[in-house]
Amino acid sequence: MIQSYYHSMPTPDPRIEHLLGVAGFGEVAKIRHFKIDDCLITSLVERWKPEIHTFHLPVGECTVTLEDVALQLGLRIDGKPVTEPTFYDWDELCYELLGFVLPKGEALVGSSIKLKWLRDHTIALSDEPTEQQLHQHCRAYILGLIGCVIMPEKSGNRIHLMYLPLLAD
């Protein structure tokens, strides 16, 4: 049986919507949550032919390409590949890029952050946030989008921090 994992994301603060767009996550931020049809996923798994990387459907073969995903999610597919070393001081990196240090055990499990903790503790923006606070809030929101919508992991409640350095600029 196929199981699906996802979390819903809150609506982004209107003050970071421009930054989400500049970072290339403006369209994905509009999704925030979706219902996964387990029967559809099961049917697709049954029709997947791994040796030729296609779905064998009654009307013919179908391949999902990176371009298809980019068009549907509005994500850019050009630029640097998403491969980075993960030998970081996570406390230092989180403080620099997100504005807080993660308590080990409560929020940080190995190199992953608990999504609920991230959502509950993302710095609330003041009435007049600094540019740095806006960027930190936006990075935390994007990290949540990656873990909740784009690439939820099997546990369904964590996101690996390997994506965080990619949000530095």
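A salt bridge is a side-chain nitrogen of Lys or Arg within 4 Å of a carboxyl oxygen of Asp or Glu. The legends below describe close-up views of a predicted model.

**Figure 1. The salt bridge between K116 and D120 in helix α6.** K116 and D120 are joined by a salt bridge whose closest N and O atoms are 2.7 Å apart. Both residues belong to helix α6, where they are separated by four residues, about one turn of the helix. K116 counts as exposed, with a relative accessibility of 55%. D120 counts as partly exposed, with a value of 47%.

Figure 2. R15 is partly exposed, its relative accessible area being 35%. In the other pair, E27 forms a salt bridge with K30, with a distance of 3.2 Å between the closest N and O atoms. E27 counts as partly exposed at 45% relative accessibility, whereas K30 is exposed, with a relative accessible area of 57%.

**Figure 3. Overall arrangement of helices and strands.** The protein comprises seven helices and six strands. Along the sequence, these elements follow the pattern α-α-α-β-β-β-α-α-β-β-α-α-β. The protein has 169 residues, of which 31% count as buried. Among contacts between residues at least 6 apart in sequence, 66% join residues at least 24 apart. The accessible surface comes to about 10,800 Å², and carbon and sulfur atoms account for 56% of this area.

**Figure 4. The largest nonpolar core.** This core contains 36 residues, and those with the most contacts inside it are L20, L102, I113, L143, L145, L161 and L164. At least two core residues are supplied by each of α1 (17–23), α2 (26–29), α5 (90–98), α6 (115–121) and α7 (131–150). Helix α7 provides the largest share, namely ten residues. A closer look at L164 shows contacts with L93, C94, L97, L98 and L143, when its neighbours within four places in sequence are left aside.

**Figure 5. R119 in helix α6 and its spatial relation to G144.** R119 is located in helix α6. At 31% relative accessibility, R119 counts as partly exposed. In sequence, R119 and G144 are 25 residues apart, while their C-alpha atoms are 7.4 Å apart in space.

**Figure 6. S112 in strand β5.** S112 lies in strand β5, which covers residues 112–114. S112 has a relative accessibility of 8% and therefore counts as buried, the cut-off being under 20%. Residues up to four places away in sequence being excluded, S112 touches A107, R158, I159, H160 and L161. One of these residues, L161, is also among those with the most contacts inside the largest nonpolar core.

Figure 7. V64, L66, V69 and I77 together make a nonpolar surface patch of about 350 Å². V64 occupies the loop between β3 (60–62) and α4 (66–73).

**Figure 8. The backbone at H53.** H53 has a positive phi of about 55°, although it is not a glycine. Most residues other than glycine have a negative phi. H53 is situated in the loop between β1 (48–49) and β2 (54–57). With a relative accessibility of 52%, H53 counts as exposed.

Note on methods. Residues numbered from 1 in each chain as written. Predicted model: local features only at pLDDT ≥ 70, side-chain atom pairs only at ≥ 80, totals over all residues. Heavy atoms only, no water. Core = buried A, V, L, I, M, F, W, Y, C linked by side-chain atoms within 4.5 Å. Buried < 20%, exposed > 50% of the residue type's maximum accessible area, 1.4 Å probe, protein only. Contact = heavy atoms within 4.5 Å. Areas by Shrake-Rupley, 256 points an atom, 1.4 Å probe, with all protein chains shown as cover. Patch = residues over 30% accessible without salt bridge, like charges linked within 9 Å, V, L, I, M, F, W, Y side chains within 5 Å.
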